[in-house]
Amino acid sequence: MKLALIGFGSVGQGLVRLLIEKQAALAQQYGFAAQVTAVITRSRGNLYHPEGLDLSALLTAAEKGSFAGYPDSPDLRRDISAEGVAAAPYVDVVVEASPTDLRTGQPALDLCYTALEHGKHVVLANKGPVALDFVNLMERAKQCGRQVLFEGTVMSGTPALRLAREALAGAVVSQVRGILNGTTNYMLSLMEQGRAYDDVLAEAQRLGYAEADPTADVDGWDAAGKLLILASALFGRTFKLADLDVRGIRDLTPEDLRAAAADGMRYKLIAEASQAGGSVQPVKLPVSHPLAGVSGANNAVTFTTDVLGDVTLVGVGAGGLQTGFAVLSDLLALHRHA
Ligand SMILES: NC(=O)c1ccc[n+]([C@@H]2O[C@H](COP(=O)([O-])OP(=O)(O)OC[C@H]3O[C@@H](n4cnc5c(N)ncnc54)[C@H](OP(=O)(O)O)[C@@H]3O)[C@@H](O)[C@H]2O)c1
């Protein structure tokens, strides 16, 4: 399987590390072998080689901040663009792991269509295209006889989408409810110990959980983007941000959390959707509730089903290697169905 990586940051590099580490096991257990034939970045440069790039040399060059030091060879091209890669021969799957834009989905969204029209499968870590244009994208993939997979967009490598779409196939899922943002869950866990919002935000930023501009996390937009994807995938229509009521944790105080604790309750930033619509908002849950027990930067999701009642999955929700693993799981799914 020949891969083109659009974006080579923590997710792209995480995937390549896994391809190196697990190469022998993947070949032996699943008959799976992947080559990375192209890598596109914003500032490190671009590379394309029909016979596959040297993965270790790629990581070394990326760590140095530039592909300038990647060894030259006769068929190596450095002048290819993302659009060029999406149309190029020697690419079976375009892996989109460039930054998420939840307003337009671009430039990744256009790239997904170009890739499909040129007969490539698409695997996304980037949330934008599936959060904003789910139905059209899936329809186009079907017309092109190709697949768009996006396990890493929700809960990184913890298989929330695959559980809902494959393991729970045949059951009716009427509601999804979860903790989809690890940063705010971590912050709430610390605030429960009496620490103030600004103090725990500074700590989350120091640990790299929160961005310098924390709006996407603390105001609920990151969770809302993931909820759009989950809801669209489960209920088969494109959910829009306008379908969701979104509030973050900015207005919660340690006093609110203490008062809740005195009543045997705990605040969580809960993302919730059914056919009718959904919300992201702080919700007080009894401490015995499965989602109330999810602490630190973990994520969790509960699917309410007709046959099994509630099914809850808890696990890691972010990380380059973990999201790289989600991409790998999508590649293995493509390989299984090839
Ligand atoms: N990290 C996670 O835990 C996680 C979890 C789930 C989903 N995701 C999603 O996965 C995607 C990648 O995340 P990341 O953590 O790997 O981000 P990252 O470390 O910031 O890396 C982003 C990569 O994309 C490149 N890039 C920027 N603009 C580009 C463009 N217009 N065209 C092509 N490449 C471009 C960057 O180039 P330079 O190398 O030159 O900067 C960099 O290589 C994001 O959409 C993110 O939301 C991440």
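**View A. Ser174 and its contacts.** Leaving out residues up to four places away in sequence, Ser174 touches Ser274 and Thr304, where contact means that C-beta atoms, placed from the backbone, lie within 7 Å. Please keep in mind that this is a predicted model: local features need pLDDT of at least 70, side-chain atom pairs count only at pLDDT 80 or more, and totals for chains, interfaces and linings use all residues. Numbering starts from 1 along each chain as its sequence is written. Ser174 sits in strand β7 (residues 173-179); helices (H or I, at least four residues) and strands (E, at least two) are DSSP runs, numbered from the N terminus. Ser174 and Thr304 are 130 residues apart in sequence, yet their C-alpha atoms are 5.8 Å apart. Ser174 counts as partly exposed because it has 13 C-beta neighbours inside 10 Å; a residue with 20 or more other C-beta atoms within 10 Å of its own is buried, one with 12 or fewer is exposed, and partly exposed lies in between, with C-beta atoms placed from the backbone.

**View B. Where the two domains meet.** The domain assignment, which is automatic or from a database, gives domain 1 (2-157 + 320-336) and domain 2 (162-315). Their contact takes 13 residues from domain 1 and 14 residues from domain 2. The C-alpha centres of the two domains lie 28 Å apart.

**View C. The largest nonpolar core.** Here, a nonpolar core is a set of buried Ala, Val, Leu, Ile, Met, Phe, Trp, Tyr and Cys residues joined through C-beta atoms within 7 Å. Of the 99 residues in the largest one, Leu5, Ala38, Val95, Leu227 and Leu230 touch the most other members. Helix α11 (residues 221-235) gives the most to this core, with nine residues. Zooming in on Leu5, and leaving aside neighbours within four places in sequence, its contacts are Gly12, Val36, Ala38, Val39, Val95 and Ala97.

**View D. Helix α1 and the ligand shell.** The ligand is surrounded by 28 residues, the closest being Gly7, Gly9, Ser43, Ala125 and Ala318; a residue belongs here if its C-beta atom, placed from the backbone, lies within 6 Å of the ligand. The largest share of this shell, three residues, comes from α1. Among the buried residues of α1 are Val11, Leu15 and Leu19, and the buried residues of this helix pack against elements including β1 (2-6), β2 (35-40) and α13.

Conventions: Two residues are in contact if their C-beta atoms, placed from the backbone, lie within 7 Å.
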